[in-house]
Amino acid sequence: MEPAWALEIKKGLKTKFIGHEVICYKRIKSTNDKAKELVESGAKEGVVIIAKEQIHGRGRLHGGQPRKWFSPTGGIYTSIILKPAIAPHQAPKLALVSAIAMTNFLRIKYHLKARVKWPNDVLVNDKKICGVLAEGSTQSGHLEYIIVGLGINANFDMEDLPKEVRETGTSIKKELGTEISLTEFLQHFLEEFERLYIEFKENDLSPLLNTYNSLLDTPGQWIRITTAHNTFEGIAQGIDPDGGLILKLADNSVQRIISGEVVDSKRI
Ligand code: BTN
């Protein structure tokens with residue numbers, strides 16, 4: 001554990017409840033796994049787990065299997081425990097809220113031209129800089145908790161990542177040409193995250209919809225999406241209030257996609 005770092009983060013934190021308890025690790029298997037363990041033994045909403053390095057960082061599922069999330073030192077790996085009073089089917093919206101918070105934050109704080117790749121990847125110059133993994137648990141049709149995990153490529157060079165992800169990713173260090181303070185990043189990001197989380201709990205996704213759609217990297221572009229059973233191609237229109245992506249197909253019909261992956265896109 002890294003209690004000194006946790007204290008430093010908490011000292012400058014101006015949030016109402018997110019991060020009032022911060023637990024930092026030098027190295028951990030996965031912050032999402034740790035958050036799950038803690039919430040199941042009673043940790044409350046707002047607890048934040050942070051690691052400097054992960055040895056088994058997990059990404060979103062791909063073909064039923066979790067992708068590996070390479071997590072070298074220099075990155076930021078964090079999981080936030082949330083217990084919103086929402087229906088389980090609303091939970092995926094929190095991943096969208098998290099992606100908006102990160103994109104806004106990278107734009108405001110570091111002047112990076114960050115965009116969102118549906119549903120919740122954050123890109124800079126068309127390359128991935130942050131990924132979001134939201135995992136929840138339900139009991140008798142009730143959402144018990146949701147853990148929002150964020151992996152941010154911060155202070156490392158792309159050469160520190162394996163070849164397979166080097167070309168498709170970027171880091172803050174690469175984009176800015178300099179390293180940033182991880183402590184300051186976390187303090188200010190948690191503030192932006194909390195602001196949007198409270199907005200979402202009070203008013204659902206509607207007030208954030210325009211922001212999300214304005215940050216989307218593909219509006220009006222041709223995209224190809226693979227879902228569990230299908231592939232769709234069409235012009236991306238943006239998301240609807242339930243977080244589904246609206247795609248206009250070649251025959252002018254409209255397809256709503258709830259989960260899938262954008263595998264190709266081009267400006268037309
Ligand atoms: C993705 O884009 O596939 C999501 C990546 C999410 C990675 C973060 S790093 C912190 C947290 N702990 C994990 O094991 N995964 C998430």
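## Helix packing and a loop lysine

The buried residues of helix 2 are covered by elements that include strand 1 (22-25), strand 2 (48-51), strand 3 (58-62), strand 5 (76-82), strand 8 (127-139) and strand 9 (142-152). The model is predicted.

**Helix 2**

- Helix 2 spans residues 31-40. Its buried residues are Thr31, Asn32, Lys34, Ala35 and Val39.
- Viewed down the axis of helix 2, these buried residues fall within an arc of 160°, so they line one face of the helix.

**Helix 1**

- Helix 1 covers residues 3-11, and its buried residues are Trp5, Ala6 and Ile9.
- Down the axis of helix 1, the buried residues fall within an arc of 100°, so one face of the helix is lined by them.
- Pro3, Ala4, Leu7 and Lys11 are exposed on the other side of helix 1.
- The cover over the buried residues of helix 1 includes strand 1, strand 2 and helix 6.

**Helix 3 against helix 6**

- Helix 3 (residues 93-110) and helix 6 (residues 182-203) have axes that come within 9 Å. The axes cross at roughly 135°.
- From helix 3, the contact draws on Lys93, Leu94, Val97, Ser98, Ile100, Ala101, Met102, Asn104, Phe105, Leu106, Lys109 and Tyr110.
- From helix 6, the partners are Glu184, Phe185, His188, Phe189, Glu192, Phe193, Arg195, Leu196, Tyr197 and Phe200.
- The residues of this contact between helix 3 and helix 6 divide into 14 nonpolar, three polar and five charged.

**Lys113**

- Lys113 sits in the loop between helix 3 and strand 6 (114-117).
- Is Lys113 buried or exposed? Lys113 has a relative accessible area of 67%. Exposed means over 50%, so Lys113 is exposed.
- Lys113 and Thr103 are 10 residues apart in sequence. In space, their C-alpha atoms are 8.5 Å apart.
- Setting aside neighbours within four places in sequence, Lys113 is in contact with Arg107, Leu123, Val124 and Asn125.

Notes: Residues numbered from 1 in each chain as written. Predicted model: local features only at pLDDT ≥ 70, side-chain atom pairs only at ≥ 80, totals over all residues. Heavy atoms only, no water. Axes fitted to C-alpha atoms, helices over the stretch in contact; angles between N-to-C directions. Helix = DSSP H or I, 4+ residues; strand = E, 2+ residues; numbered from the N terminus. Contact = heavy atoms within 4.5 Å. Nonpolar A, V, L, I, M, F, W, Y, C, P; charged D, E, K, R; others polar. Buried < 20%, exposed > 50% of the residue type's maximum accessible area, 1.4 Å probe, protein only. Arc of directions from axis to C-beta.
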